[in-house]
Amino acid sequence: MFCGVFREQQEMARIGVLAHYCTKLQPAVNKQFPMYLKTMMDAEFVSEQSVRAWCASTYSVLESILPTYNEGSAVLSEEQVVALQKSCQVFIHWLDSQEEEEEEEEEEE
């Protein structure tokens, strides 16, 4: 149990680094954040569970795992995180539909 929780926190931190990259370092790719998440999932760098958790978490939860400046404040504001989470809604919907299709295929077998 502890190992699973630690792994999810690590993966959510990785997503936070990606969010920082897309928002602060390369804002031109900000709209591609969900595509980068899918690529990270396909490469098994993060799990679907961690992506869903990051997208559903409040800023106060994510603030502790986001990259920080030297003085300790998170590099992303709440508004930036919320905007990224909103940009992922279509992706999360797509994940839901994939799960439903898999369940239907299993029922047919």
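Let's start with one residue. Glutamate 106 is exposed, with a relative accessible area of 59%. Exposed means over 50%, buried under 20%, and partly exposed in between, using a 1.4 Å probe and protein chains only. Glutamate 106 sits in helix H6, residues 89–108.

A word on the source. This is a predicted model: local features need pLDDT of at least 70, side-chain atom pairs count only at pLDDT 80 or more, and totals for chains, interfaces and linings use all residues. Numbering runs from 1 along each chain as its sequence is written, and side-chain values use heavy atoms, without hydrogens or water.

Now the fold. Helices are DSSP runs of H or I, at least four residues; strands are runs of E, at least two; both are numbered from the N terminus. The C-alpha trace spans about 55 × 35 × 25 Å along its principal axes.

What share of the 109 residues counts as buried? The figure is 32%. Next, contacts, meaning heavy atoms within 4.5 Å. Take those in the chain with a separation of 6 or more: 63% come from residues 24 or more positions apart.

Then charge. The chain carries 7 positive and 21 negative side chains. Lys and Arg count as positive, Asp and Glu as negative; His and the chain ends are not counted. The centres of the two sets lie 12 Å apart, with each charge placed at NZ of Lys, CZ of Arg, CG of Asp or CD of Glu.
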